[in-house]
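Reader: I'd like to go through this one feature by feature. Can you show me how to read each of them as we go?

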Amino acid sequence: MSDRRPEPGTPAGSDRRPEPGTPAGVPDWVPLRDELRGEEPYGAPQIDVPVRLNTNENPYGPSEATADDIASSVRAAALDLNRYPDREAWGLRTALADYLSREVAGLDANRVWAANGSNEVMQQILQAFGGPGRTALSFAPTYSMYPEYARNTHTRWVAGQRRDDFGIDADSAVALIEAEQPDVVFLTSPNNPTGTALDPLHTRAVLEAAPGIVVVDEAYAEFRRAGTPSALELLAQFPRLVVTRTMSKAFALAGGRLGYLAADPAIVDALRIVRLPYHLSSVTQAAAEAALRHAPELLAQVDGLRVERDRTAQRLHDDGFTVAESDANFVLFGTFSDRHAVWQGLVDRGVLVRETGPLGWLRVSIGTPDEMHAFHTALQEVTDVEAR
Ligand SMILES: *Cc1c(COP(=O)(O)O)cnc(C)c1O
(Lines give C-alpha, C1' and ligand atoms only; values in the text may rest on other atoms or scores of the structure.)
Protein backbone atom coordinates (compact mmCIF):
# COMPACT_ATOMS: atom_id res chain seq x y z
CA MET A 1 0.00 0.00 0.00
CA SER A 2 2.93 2.32 0.52
CA ASP A 3 3.21 3.00 -3.21
CA ARG A 4 -0.37 4.21 -3.31
CA ARG A 5 -0.63 7.86 -4.26
CA PRO A 6 -2.58 10.01 -1.83
CA GLU A 7 -6.03 10.82 -3.16
CA PRO A 8 -7.50 14.29 -3.36
CA GLY A 9 -10.38 13.13 -1.20
CA THR A 10 -11.23 15.95 1.14
CA PRO A 11 -14.70 15.26 2.50
CA ALA A 12 -17.23 18.05 2.01
CA GLY A 13 -17.45 20.31 5.01
CA SER A 14 -13.97 19.50 6.16
CA ASP A 15 -11.40 22.24 6.47
CA ARG A 16 -8.61 19.72 6.19
CA ARG A 17 -5.62 20.74 4.13
CA PRO A 18 -5.29 18.78 0.90
CA GLU A 19 -3.07 15.74 1.14
CA PRO A 20 0.38 15.96 -0.45
CA GLY A 21 0.19 15.54 -4.20
CA THR A 22 -3.35 16.88 -4.50
CA PRO A 23 -3.79 18.81 -7.73
CA ALA A 24 -4.71 22.44 -7.11
CA GLY A 25 -8.00 22.11 -9.00
CA VAL A 26 -8.76 22.04 -12.71
CA PRO A 27 -7.16 25.02 -14.51
CA ASP A 28 -9.38 27.54 -16.28
CA TRP A 29 -8.28 26.57 -19.76
CA VAL A 30 -9.74 23.08 -19.34
CA PRO A 31 -13.28 23.42 -20.70
CA LEU A 32 -15.00 21.65 -17.82
CA ARG A 33 -18.78 21.97 -17.49
CA ASP A 34 -19.57 25.00 -15.31
CA GLU A 35 -21.40 23.00 -12.67
CA LEU A 36 -18.35 20.75 -12.24
CA ARG A 37 -15.94 23.65 -11.51
CA GLY A 38 -14.60 23.48 -8.00
CA GLU A 39 -15.92 19.96 -7.48
CA GLU A 40 -13.70 17.35 -5.84
CA PRO A 41 -13.44 13.77 -7.07
CA TYR A 42 -15.01 11.26 -4.67
CA GLY A 43 -12.59 9.69 -2.31
CA ALA A 44 -12.19 8.64 1.23
CA PRO A 45 -8.57 9.40 2.11
CA GLN A 46 -6.49 6.28 1.43
CA ILE A 47 -3.91 6.72 4.15
CA ASP A 48 -1.37 4.02 4.82
CA VAL A 49 -1.96 3.17 8.50
CA PRO A 50 -2.07 -0.25 10.19
CA VAL A 51 -5.78 -0.21 11.05
CA ARG A 52 -8.05 0.93 8.22
CA LEU A 53 -11.68 1.12 9.29
CA ASN A 54 -12.95 3.80 6.91
CA THR A 55 -14.58 2.28 3.82
CA ASN A 56 -16.81 -0.51 5.17
CA GLU A 57 -14.82 -3.23 3.48
CA ASN A 58 -14.87 -6.76 4.80
CA PRO A 59 -11.67 -7.19 6.84
CA TYR A 60 -11.44 -10.86 5.84
CA GLY A 61 -10.20 -11.50 2.32
CA PRO A 62 -11.10 -14.49 0.17
CA SER A 63 -9.46 -17.83 1.09
CA GLU A 64 -6.66 -19.44 -0.94
CA ALA A 65 -9.22 -21.86 -2.42
CA THR A 66 -11.47 -19.01 -3.56
CA ALA A 67 -8.53 -17.02 -4.90
CA ASP A 68 -7.38 -20.11 -6.84
CA ASP A 69 -10.82 -20.60 -8.36
CA ILE A 70 -11.00 -16.92 -9.31
CA ALA A 71 -7.54 -17.15 -10.86
CA SER A 72 -8.29 -20.25 -12.92
CA SER A 73 -11.65 -18.83 -14.06
CA VAL A 74 -9.97 -15.60 -15.09
CA ARG A 75 -7.27 -17.60 -16.87
CA ALA A 76 -9.89 -19.48 -18.86
CA ALA A 77 -11.54 -16.16 -19.76
CA ALA A 78 -8.14 -14.78 -20.75
CA LEU A 79 -7.86 -17.31 -23.59
CA ASP A 80 -10.94 -15.64 -25.12
CA LEU A 81 -9.95 -12.02 -24.53
CA ASN A 82 -9.74 -11.36 -28.28
CA ARG A 83 -13.56 -11.56 -28.19
CA TYR A 84 -15.99 -9.12 -26.59
CA PRO A 85 -17.64 -10.45 -23.44
CA ASP A 86 -21.22 -11.69 -23.18
CA ARG A 87 -22.98 -8.31 -23.34
CA GLU A 88 -25.88 -9.62 -21.31
CA ALA A 89 -23.73 -11.43 -18.72
CA TRP A 90 -26.27 -14.25 -18.60
CA GLY A 91 -24.12 -16.69 -16.65
CA LEU A 92 -23.37 -14.14 -13.98
CA ARG A 93 -26.95 -12.85 -13.80
CA THR A 94 -28.20 -16.42 -13.42
CA ALA A 95 -25.74 -17.01 -10.58
CA LEU A 96 -26.80 -13.75 -8.88
CA ALA A 97 -30.48 -14.69 -9.25
CA ASP A 98 -29.72 -18.06 -7.65
CA TYR A 99 -27.95 -16.30 -4.81
CA LEU A 100 -30.91 -13.94 -4.19
CA SER A 101 -33.34 -16.85 -4.44
CA ARG A 102 -32.12 -17.91 -1.01
CA GLU A 103 -33.99 -14.85 0.28
CA VAL A 104 -37.00 -14.57 -2.02
CA ALA A 105 -38.64 -16.89 -4.54
CA GLY A 106 -39.31 -16.12 -8.19
CA LEU A 107 -36.12 -14.29 -9.15
CA ASP A 108 -34.49 -15.30 -12.42
CA ALA A 109 -31.80 -13.76 -14.63
CA ASN A 110 -34.41 -11.58 -16.40
CA ARG A 111 -35.01 -9.78 -13.13
CA VAL A 112 -31.36 -9.22 -12.29
CA TRP A 113 -28.95 -6.68 -13.75
CA ALA A 114 -25.25 -6.27 -13.00
CA ALA A 115 -22.59 -3.61 -13.51
CA ASN A 116 -19.20 -2.47 -12.24
CA GLY A 117 -20.24 -1.85 -8.66
CA SER A 118 -23.68 -0.77 -7.53
CA ASN A 119 -22.41 2.75 -8.13
CA GLU A 120 -22.56 2.06 -11.86
CA VAL A 121 -25.96 0.42 -11.46
CA MET A 122 -27.28 3.59 -9.81
CA GLN A 123 -25.73 5.85 -12.40
CA GLN A 124 -27.44 3.79 -15.11
CA ILE A 125 -30.73 4.16 -13.21
CA LEU A 126 -30.40 7.95 -13.36
CA GLN A 127 -29.29 7.84 -17.01
CA ALA A 128 -32.46 5.91 -17.85
CA PHE A 129 -34.98 7.43 -15.45
CA GLY A 130 -33.49 10.81 -14.46
CA GLY A 131 -32.04 13.50 -16.71
CA PRO A 132 -32.87 17.08 -17.69
CA GLY A 133 -36.28 18.14 -16.43
CA ARG A 134 -36.41 15.18 -14.10
CA THR A 135 -36.00 14.94 -10.33
CA ALA A 136 -34.33 12.53 -7.95
CA LEU A 137 -34.92 12.61 -4.21
CA SER A 138 -33.46 11.09 -1.08
CA PHE A 139 -33.42 11.66 2.66
CA ALA A 140 -30.29 13.00 4.34
CA PRO A 141 -28.02 12.09 5.97
CA THR A 142 -27.41 9.35 3.46
CA TYR A 143 -24.95 8.08 0.85
CA SER A 144 -22.99 11.04 -0.48
CA MET A 145 -22.77 9.65 -4.02
CA TYR A 146 -26.46 10.05 -4.93
CA PRO A 147 -26.29 13.82 -5.50
CA GLU A 148 -23.18 13.28 -7.62
CA TYR A 149 -24.95 10.85 -9.96
CA ALA A 150 -27.75 13.41 -10.18
CA ARG A 151 -25.29 16.18 -11.05
CA ASN A 152 -23.56 14.00 -13.65
CA THR A 153 -26.86 13.16 -15.35
CA HIS A 154 -28.35 16.70 -15.14
CA THR A 155 -31.05 15.44 -12.80
CA ARG A 156 -32.55 17.91 -10.32
CA TRP A 157 -31.69 16.84 -6.78
CA VAL A 158 -33.98 17.18 -3.76
CA ALA A 159 -32.88 16.17 -0.27
CA GLY A 160 -35.48 15.54 2.40
CA GLN A 161 -34.40 15.00 6.00
CA ARG A 162 -34.35 11.93 8.13
CA ARG A 163 -35.57 12.10 11.73
CA ASP A 164 -33.18 12.65 14.64
CA ASP A 165 -32.96 8.85 15.08
CA PHE A 166 -32.05 8.64 11.34
CA GLY A 167 -35.25 6.83 10.42
CA ILE A 168 -37.70 8.27 7.90
CA ASP A 169 -40.84 10.05 8.98
CA ALA A 170 -43.47 8.50 6.71
CA ASP A 171 -45.87 11.45 6.75
CA SER A 172 -43.31 14.08 5.83
CA ALA A 173 -41.69 11.74 3.29
CA VAL A 174 -45.02 11.21 1.57
CA ALA A 175 -45.76 14.95 1.67
CA LEU A 176 -42.38 15.73 0.09
CA ILE A 177 -42.88 13.11 -2.61
CA GLU A 178 -46.33 14.48 -3.39
CA ALA A 179 -44.93 18.01 -3.64
CA GLU A 180 -41.84 17.18 -5.71
CA GLN A 181 -43.13 14.28 -7.85
CA PRO A 182 -39.66 12.72 -8.12
CA ASP A 183 -38.86 10.43 -11.03
CA VAL A 184 -36.43 8.49 -8.84
CA VAL A 185 -36.38 8.09 -5.04
CA PHE A 186 -33.34 6.63 -3.31
CA LEU A 187 -33.93 4.90 0.01
CA THR A 188 -30.95 3.31 1.70
CA SER A 189 -31.49 0.43 4.07
CA PRO A 190 -29.40 -0.14 6.07
CA ASN A 191 -28.46 3.49 5.55
CA ASN A 192 -24.90 4.74 5.10
CA PRO A 193 -23.45 6.47 7.12
CA THR A 194 -25.94 5.95 9.93
CA GLY A 195 -26.50 2.15 9.83
CA THR A 196 -30.28 2.57 10.14
CA ALA A 197 -32.55 -0.07 8.59
CA LEU A 198 -35.87 1.30 7.33
CA ASP A 199 -39.14 0.31 8.89
CA PRO A 200 -40.85 -1.73 6.13
CA LEU A 201 -44.07 0.23 6.71
CA HIS A 202 -42.21 3.41 5.79
CA THR A 203 -40.73 1.82 2.66
CA ARG A 204 -44.23 0.78 1.69
CA ALA A 205 -45.59 4.30 2.29
CA VAL A 206 -42.91 5.74 0.00
CA LEU A 207 -43.63 3.10 -2.67
CA GLU A 208 -47.32 3.91 -2.58
CA ALA A 209 -46.75 7.66 -2.88
CA ALA A 210 -43.89 7.71 -5.42
CA PRO A 211 -44.89 8.28 -9.05
CA GLY A 212 -41.62 6.88 -10.48
CA ILE A 213 -38.81 4.51 -9.66
CA VAL A 214 -38.01 3.75 -6.02
CA VAL A 215 -34.51 2.40 -5.45
CA VAL A 216 -33.86 0.65 -2.16
CA ASP A 217 -30.07 0.52 -1.86
CA GLU A 218 -29.32 -2.59 0.19
CA ALA A 219 -25.52 -2.55 -0.03
CA TYR A 220 -25.37 -3.78 3.58
CA ALA A 221 -28.34 -6.17 3.49
CA GLU A 222 -26.40 -9.25 4.60
CA PHE A 223 -25.42 -7.50 7.84
CA ARG A 224 -28.96 -6.67 8.96
CA ARG A 225 -30.16 -8.04 12.26
CA ALA A 226 -32.46 -11.08 12.42
CA GLY A 227 -36.05 -10.07 11.76
CA THR A 228 -35.20 -7.02 9.63
CA PRO A 229 -36.91 -7.66 6.27
CA SER A 230 -35.45 -6.90 2.83
CA ALA A 231 -37.27 -4.86 0.21
CA LEU A 232 -36.83 -7.88 -2.09
CA GLU A 233 -40.05 -9.15 -0.52
CA LEU A 234 -41.94 -6.16 -1.97
CA LEU A 235 -40.82 -6.65 -5.59
CA ALA A 236 -43.83 -8.76 -6.57
CA GLN A 237 -46.18 -6.03 -5.40
CA PHE A 238 -44.43 -2.89 -6.65
CA PRO A 239 -43.25 -3.07 -10.29
CA ARG A 240 -41.37 0.24 -10.09
CA LEU A 241 -39.27 -0.93 -7.13
CA VAL A 242 -35.55 -1.56 -7.72
CA VAL A 243 -33.45 -3.26 -5.03
CA THR A 244 -29.68 -2.80 -5.41
CA ARG A 245 -27.04 -5.00 -3.82
CA THR A 246 -23.27 -5.28 -4.07
CA MET A 247 -20.50 -7.84 -3.72
CA SER A 248 -18.27 -5.11 -2.22
CA LYS A 249 -19.23 -5.42 1.43
CA ALA A 250 -20.47 -8.72 2.91
CA PHE A 251 -19.04 -10.62 -0.05
CA ALA A 252 -15.48 -9.39 0.54
CA LEU A 253 -15.09 -8.45 -3.13
CA ALA A 254 -14.76 -4.65 -3.13
CA GLY A 255 -11.81 -4.93 -5.50
CA GLY A 256 -13.82 -7.02 -7.96
CA ARG A 257 -16.28 -4.17 -8.69
CA LEU A 258 -19.56 -5.98 -9.00
CA GLY A 259 -22.93 -4.52 -8.08
CA TYR A 260 -26.38 -5.69 -9.13
CA LEU A 261 -30.09 -5.12 -8.82
CA ALA A 262 -33.34 -7.01 -8.77
CA ALA A 263 -36.37 -5.48 -10.50
CA ASP A 264 -39.16 -6.13 -12.94
CA PRO A 265 -37.85 -7.46 -16.30
CA ALA A 266 -39.21 -4.34 -18.05
CA ILE A 267 -37.03 -2.13 -15.81
CA VAL A 268 -34.01 -4.30 -16.58
CA ASP A 269 -34.75 -3.93 -20.30
CA ALA A 270 -34.89 -0.15 -19.93
CA LEU A 271 -31.42 -0.13 -18.34
CA ARG A 272 -30.00 -2.13 -21.25
CA ILE A 273 -30.67 0.93 -23.42
CA VAL A 274 -28.22 3.16 -21.53
CA ARG A 275 -25.51 0.71 -20.55
CA LEU A 276 -22.23 1.04 -22.41
CA PRO A 277 -21.64 -1.78 -24.86
CA TYR A 278 -19.83 -4.66 -23.13
CA HIS A 279 -19.71 -2.73 -19.86
CA LEU A 280 -18.84 -5.82 -17.81
CA SER A 281 -15.52 -7.30 -18.89
CA SER A 282 -15.08 -11.06 -19.33
CA VAL A 283 -12.55 -10.88 -16.52
CA THR A 284 -15.05 -9.27 -14.13
CA GLN A 285 -17.77 -11.74 -15.09
CA ALA A 286 -15.47 -14.72 -14.59
CA ALA A 287 -14.17 -13.47 -11.25
CA ALA A 288 -17.65 -12.69 -9.91
CA GLU A 289 -19.08 -16.02 -11.03
CA ALA A 290 -16.20 -17.83 -9.36
CA ALA A 291 -16.71 -15.83 -6.16
CA LEU A 292 -20.43 -16.68 -6.18
CA ARG A 293 -19.55 -20.38 -6.28
CA HIS A 294 -17.83 -19.74 -2.93
CA ALA A 295 -20.65 -17.66 -1.46
CA PRO A 296 -21.03 -19.74 1.72
CA GLU A 297 -17.34 -19.37 2.52
CA LEU A 298 -17.16 -15.68 1.61
CA LEU A 299 -20.22 -14.95 3.70
CA ALA A 300 -19.07 -17.12 6.60
CA GLN A 301 -17.55 -14.10 8.32
CA VAL A 302 -20.76 -12.07 8.23
CA ASP A 303 -22.19 -13.52 11.43
CA GLY A 304 -18.93 -12.85 13.23
CA LEU A 305 -18.88 -9.28 11.93
CA ARG A 306 -22.45 -8.73 13.12
CA VAL A 307 -21.45 -9.90 16.60
CA GLU A 308 -18.40 -7.62 16.49
CA ARG A 309 -20.62 -4.73 15.36
CA ASP A 310 -22.98 -5.18 18.31
CA ARG A 311 -19.99 -5.48 20.63
CA THR A 312 -18.48 -2.29 19.21
CA ALA A 313 -21.74 -0.39 19.64
CA GLN A 314 -22.08 -1.62 23.22
CA ARG A 315 -18.49 -0.73 24.10
CA LEU A 316 -18.85 2.77 22.61
CA HIS A 317 -22.04 3.21 24.56
CA ASP A 318 -20.39 1.99 27.78
CA ASP A 319 -17.53 4.41 27.16
CA GLY A 320 -20.03 7.26 27.16
CA PHE A 321 -20.47 7.95 23.46
CA THR A 322 -23.71 8.40 21.57
CA VAL A 323 -24.18 5.51 19.15
CA ALA A 324 -26.60 5.18 16.24
CA GLU A 325 -28.43 1.84 15.94
CA SER A 326 -26.74 -0.18 13.20
CA ASP A 327 -27.83 -3.01 10.90
CA ALA A 328 -24.67 -2.59 8.81
CA ASN A 329 -20.95 -3.38 9.18
CA PHE A 330 -20.13 0.00 10.67
CA VAL A 331 -21.17 2.16 13.58
CA LEU A 332 -21.77 5.91 13.66
CA PHE A 333 -20.76 7.43 16.97
CA GLY A 334 -20.16 10.79 18.55
CA THR A 335 -20.68 13.43 19.24
CA PHE A 336 -17.58 15.58 19.21
CA SER A 337 -17.27 19.36 19.22
CA ASP A 338 -14.20 18.94 17.00
CA ARG A 339 -14.56 15.66 15.19
CA HIS A 340 -11.68 16.41 12.90
CA ALA A 341 -9.33 16.59 15.89
CA VAL A 342 -10.56 13.18 17.05
CA TRP A 343 -10.19 11.76 13.52
CA GLN A 344 -6.64 13.13 13.33
CA GLY A 345 -5.79 11.83 16.79
CA LEU A 346 -6.87 8.36 15.70
CA VAL A 347 -4.82 8.61 12.48
CA ASP A 348 -1.80 9.63 14.58
CA ARG A 349 -2.32 6.39 16.53
CA GLY A 350 -2.54 4.30 13.36
CA VAL A 351 -6.33 4.01 13.14
CA LEU A 352 -8.26 5.39 10.18
CA VAL A 353 -12.00 5.99 10.58
CA ARG A 354 -14.31 8.09 8.41
CA GLU A 355 -15.13 11.73 9.00
CA THR A 356 -18.60 11.70 7.53
CA GLY A 357 -22.26 12.07 8.35
CA PRO A 358 -23.88 14.77 10.44
CA LEU A 359 -21.48 17.23 12.08
CA GLY A 360 -19.92 15.88 15.25
CA TRP A 361 -20.17 12.19 14.31
CA LEU A 362 -17.57 9.71 13.09
CA ARG A 363 -18.08 6.34 11.41
CA VAL A 364 -16.04 3.24 12.16
CA SER A 365 -16.18 0.14 9.94
CA ILE A 366 -16.13 -3.21 11.70
CA GLY A 367 -12.76 -4.92 11.44
CA THR A 368 -11.22 -7.94 13.13
CA PRO A 369 -11.38 -8.18 16.95
CA ASP A 370 -7.74 -7.04 17.11
CA GLU A 371 -8.46 -4.03 14.92
CA MET A 372 -11.47 -3.10 17.06
CA HIS A 373 -9.35 -3.40 20.18
CA ALA A 374 -6.79 -1.02 18.65
CA PHE A 375 -9.61 1.36 17.74
CA HIS A 376 -11.15 1.44 21.23
CA THR A 377 -7.75 1.90 22.85
CA ALA A 378 -6.80 4.73 20.50
CA LEU A 379 -10.18 6.42 20.91
CA GLN A 380 -9.87 6.31 24.67
CA GLU A 381 -6.44 7.95 24.49
CA VAL A 382 -7.58 10.62 22.04
CA THR A 383 -10.68 11.58 23.99
CA ASP A 384 -8.66 11.66 27.24
CA VAL A 385 -6.29 14.13 25.59
CA GLU A 386 -9.16 16.13 24.12
CA ALA A 387 -10.89 16.34 27.49
CA ARG A 388 -7.84 17.83 29.19
C1 LIG B 1 -20.57 0.82 -0.35
C2 LIG B 1 -21.91 1.26 -0.84
C3 LIG B 1 -22.35 0.89 -2.10
C4 LIG B 1 -21.54 -0.06 -2.94
O5 LIG B 1 -20.83 0.48 -3.91
P6 LIG B 1 -20.09 -0.44 -4.98
O7 LIG B 1 -20.05 0.45 -6.14
O8 LIG B 1 -20.97 -1.64 -5.22
O9 LIG B 1 -18.78 -0.82 -4.40
C10 LIG B 1 -23.61 1.28 -2.50
N11 LIG B 1 -24.40 2.01 -1.69
C12 LIG B 1 -24.02 2.36 -0.47
C13 LIG B 1 -24.95 3.12 0.40
C14 LIG B 1 -22.76 2.01 -0.02
O15 LIG B 1 -22.36 2.40 1.19
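Reader: Let's start with the overall layout: into which domains is the protein divided?

Author: Keep in mind that this is a predicted model. The chain splits into domain 1, made of 51-60 + 297-387, and domain 2, which covers 64-293. Taken over C-alpha atoms, the centres of the two domains are 26 Å apart. Domain 1 puts 25 residues into the contact, and domain 2 puts in 26 residues.

Reader: How do I read the area buried between domain 1 and domain 2?

Author: The general idea is that interface size is often quoted as the accessible area lost when the parts come together. Here, domain 1 and domain 2 bury about 2100 Å² between them, with 58% of that area coming from carbon and sulfur atoms. On the domain 1 side, L298, L299 and D327 account for 33% of the area buried against domain 2, more than any other three residues.

Reader: Which helices and strands each supply at least two residues of the side of domain 1 that touches domain 2?

Author: Those are α9 (295-298), α10 (300-318) and β10 (330-334). The largest share, 4 residues, comes from α10. Sorted by class, this side of domain 1 has 11 nonpolar, 7 polar and 7 charged residues.

Reader: Let's pick a single residue. Is R245 buried or exposed?

Author: The idea is to check relative accessible area, where under 20% counts as buried. R245 has a value of 1%, so it is buried. R245 sits in strand β7, residues 241-246. Its side chain makes a polar contact of 3.0 Å with the side chain of E103. Setting aside neighbours within four places in sequence, the contacts of R245 include L100, S118, E218, E222, R224 and Y260.

Reader: Now the backbone. What is the peptide bond from A140 to P141, cis or trans?

Author: As a rule, most peptide bonds are trans, and most residues other than glycine have a negative phi. The bond from A140 to P141 is cis, with omega near -5°. P141 belongs to the loop between β3 (135-140) and α4 (146-152). The bond from G334 to T335 is cis too, with omega near -15°. T335 falls in the loop between β10 and α11 (339-348).

Reader: What about phi: what value does Q181 have?

Author: Q181 has a positive phi of about 45°, although Q181 is not a glycine. You'll find Q181 in the loop between α5 (170-180) and β5 (184-188). Its relative accessible area is 42%, so Q181 counts as partly exposed.

Reader: Where does Y278 lie, and what is its phi?

Author: Y278 is in the loop between α7 (265-274) and α8 (282-293). Its phi is near 55°, again positive in a residue other than glycine. With 28% relative accessibility, Y278 is partly exposed.

Conventions
Residues numbered from 1 in each chain as written. Predicted model: local features only at pLDDT ≥ 70, side-chain atom pairs only at ≥ 80, totals over all residues. Heavy atoms only, no water. Domains from an automatic or database assignment. Contact = heavy atoms within 4.5 Å. Buried area = accessible area lost by both parts, 1.4 Å probe. Nonpolar A, V, L, I, M, F, W, Y, C, P; charged D, E, K, R; others polar. Buried < 20%, exposed > 50% of the residue type's maximum accessible area, 1.4 Å probe, protein only. Polar contact = N/O pair within 3.5 Å; in protein donor to acceptor, adjacent residues only side chain to side chain.
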